[in-house]
Amino acid sequence: MDLSELEVALEAQGTRAFHARQIFQWLYRKGLTDFEQMTDLSRELRSLLAREFRVATPQIVERAASADGTVKFLLELSDGRHIESVFIPDTPSQTFCISTQVGCAMKCGFCLTGKMGLVRNLTVGEIVGQVRVLAGELGLLSKRFNIVLMGMGEPLHNYDNTMKALRILADQHGMAVSPRRVTLSTVGVVPGLERLATEPLMPNLAISLHATTEDQRDALVPVNRKYGLDDILEACSRFPLKRRSRITFEYVLLKEVNDTIEDARRLVRLLGSIRCKVNLIPLNEAAGISFERPSDARVNAFAEVLASHHITVSVRKSRGRDIRAACGQLIVEGLGRSPAQQAAALI
Ligand code: SAH
């Protein structure tokens, strides 16, 4: 529930709407989920809440720390499914990398999460809950942090829940995470992009481009057959950007597949008229992924072409690779594995 839904629900129970704000503060600022401990509420209200409401919180079942400070969390949901969420410190800010689905339907050829297939969408509470639980665990609830929707799943494939979660995260009575601190990364679901363009609360936008021709992208990102490169770039060129803000294009670099100087030049031409920056992601290799990471020299040569055409370019550092927490390495192994997951784990 967002704040106004909670207000309505409280009124329906014969209590006053303003208690919703108090509850939000306990939940999202103090990280408390036990109504009994919400001491500025009357005893009657606390027992009514305990009777009529439930705070479903993803449970941390595993926590793995990388040598570089990144922490990967395995979370169990109320139906026993699992997802992963990652804390990435000092980027220079603190960043939570959050999932929007259990698994993913997009099946990008270089991404391990795609091997799981889509199990289900996360609920609004599960999306917000990841931030609440991780920030609580790390003592960051009252601190400033960034959120990237770059964990498991395709956020625009779970549009309504994702956007409602962002509205709750932004609520001043809760964690008050400004949408400017949130980056939504998408494979480019065009109808979703068009809806996003009309949202009052607008996160930063990152598009996973990864290729410079339709054929090449069809092969790497299967959903390109439905929402092609041209259509995505068209939607991006019409996307309403605030002053000084830019679209980020992510480009995973795969050795001898999409990392040539020719590819870089084509990328320059494609992005020509869009206010943007490019984030190159040298492939994070994994068992079951049949591509290779290019050498640093090749990555640099690619970046140089973009920079020499005045495109702002950065190379993403792969954080948490030693604990398989880096981009494209999130996959839940264990109970309830799908056949595809089992195959991926075996390979
Ligand atoms: N579904 C969203 C979020 C994906 S994760 C999207 O497609 O944007 C964030 C980024 O990591 C995406 O750009 C994704 O394509 C990239 N990625 C996936 N697997 C990767 C891998 N093995 N190595 C490097 N980047 C990868």
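Mentor: One cavity of 30 Å³ or more is counted here. A cavity is a set of points on a 1 Å grid over the protein atoms alone where a 1.4 Å probe fits but cannot get out. Please note that this is a predicted model: local features need pLDDT of at least 70, side-chain atom pairs count only at pLDDT 80 or more, and totals for chains, interfaces and linings use all residues. Residues are numbered from 1 along each chain as its sequence is written, and side-chain values use heavy atoms, leaving out hydrogens and water.

Trainee: How much space lies in the largest cavity?
Mentor: A volume is the space filled by probe spheres set on the points, with grid points joined across faces, edges and corners. For the largest cavity, that is about 60 Å³.

Trainee: Which residues line the largest cavity?
Mentor: Lining residues have an atom within 4 Å of a point. Among them are Met163, Leu166, Val182 and Pro203. Helix H6 (residues 159-170) gives the most, four residues; helices are DSSP runs of H or I with at least four residues.

Trainee: And the ligand: how many residues surround the ligand?
Mentor: The ligand has 17 residues around it, with Phe110, Ser185, Ser208, His210 and Asn284 the closest. Near means that a heavy atom of the residue lies within 4 Å.

Trainee: What about polar contacts?
Mentor: Those are pairs of N or O atoms within 3.5 Å. A polar side-chain atom of His210 is 2.6 Å from a ligand oxygen atom, and a backbone N or O atom of Gly153 is 3.0 Å from a ligand nitrogen atom.

Notes: Polar contact = N/O pair within 3.5 Å; in protein donor to acceptor, adjacent residues only side chain to side chain. 1 Å grid on protein atoms, 1.4 Å probe; cavity = no way out; pocket = protein on both sides within 12 Å on 5 of 7 lines; lining within 4 Å. Helix = DSSP H or I, 4+ residues; strand = E, 2+ residues; numbered from the N terminus.
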